[in-house]
Amino acid sequence: AALAIFFAASIATSSVAQAQEGTPHLMLELKDGTVDIELLPEIAPQHVERIVTLTGQGFYDGVVFHRVIDGFMAQTGDPTGTGMGGSDLPDLPAEFSSEPFGRGAIGAARTADPDSANSQFFITYADAGHLNGQYTVWGNVVSGMEYVDMIKKGDPASNGMVSDPDKIVSAKLEYR
């Protein structure tokens with residue numbers, strides 16, 4: 001009986017592993033449509049692992065875009081909606097790369113400490129070359145950027161903080 005259980009468990013484990021082969025994509029369902037973000041584990045493995053873990057826990061479902069600056073970026077990933085919160089997991093070390101911050105790049109939000117990224121991230125609306133090498137890029141929007149463009153913008157006078165902000169309706173992973 002123990003052998004049968006072990007055999008069944010190993011089959012289940014291998015089918016899960018097979019289901020997760022390929023490149024991970026973070027699928028963000030927004031009010032206007034779905035945003036497909038290709039994750040970049042080859043340049044930011046710890047950040048991608050964190051996004052995969054938190055998405056699997058449902059962490060991002062219902063989280064707001066608390067800071068949105070027209071022509072620059074939309075920031076989310078803080079369950080408190082204030083820009084000061086994160087997950088219960090430890091902060092991540094920076095994984096800087098030569099991947100540029102162009103339109104649709106996904107960056108890890110952090111404090112002044114480069115090794116303080118946790119769960120928050122931002123999507124750039126336009127080229128933001130001044131961020132290159134200063135923030136970790138862990139993904140790029142491959143479709144649905146028009147829905148990111150429709151996210152409610154914040155007040156420039158309050159550093160882009162949004163009143164009654166839009167939210168991530170749901171976040172899930174696909175592998176392909």
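In which loop does Met150 lie? Met150 is in the loop between H3 and strand S8 (170-175), where helices (H or I, at least four residues) and strands (E, at least two) are DSSP runs numbered from the N terminus. The model is predicted, so local features need pLDDT of at least 70 and side-chain atom pairs count only at pLDDT 80 or more, while totals for chains, interfaces and linings use all residues. Residues are numbered from 1 along each chain as its sequence is written, and side-chain values use heavy atoms, without hydrogens and water.

Met150 counts as partly exposed because its relative accessibility is 43%; buried means under 20% relative accessible area, exposed over 50%, and partly exposed in between (1.4 Å probe, protein chains only). Leaving aside neighbours within four places in sequence, Met150 is in contact (heavy atoms within 4.5 Å) with Lys31, Asp32 and Asp166. Met150 and Asp32 are 118 residues apart in sequence and 7.4 Å apart, C-alpha to C-alpha.

A nonpolar core is a set of buried Ala, Val, Leu, Ile, Met, Phe, Trp, Tyr and Cys residues joined through side-chain atoms within 4.5 Å. Two cores are listed here.

| Core | Size | Residues named |
|---|---|---|
| Largest nonpolar core | 29 residues | Most contacts inside it: Leu28, Ile37, Phe121, Ile123 and Trp138 |

Beyond four places in sequence, Leu28 touches residues including Ile37, Phe121 and Ile123.
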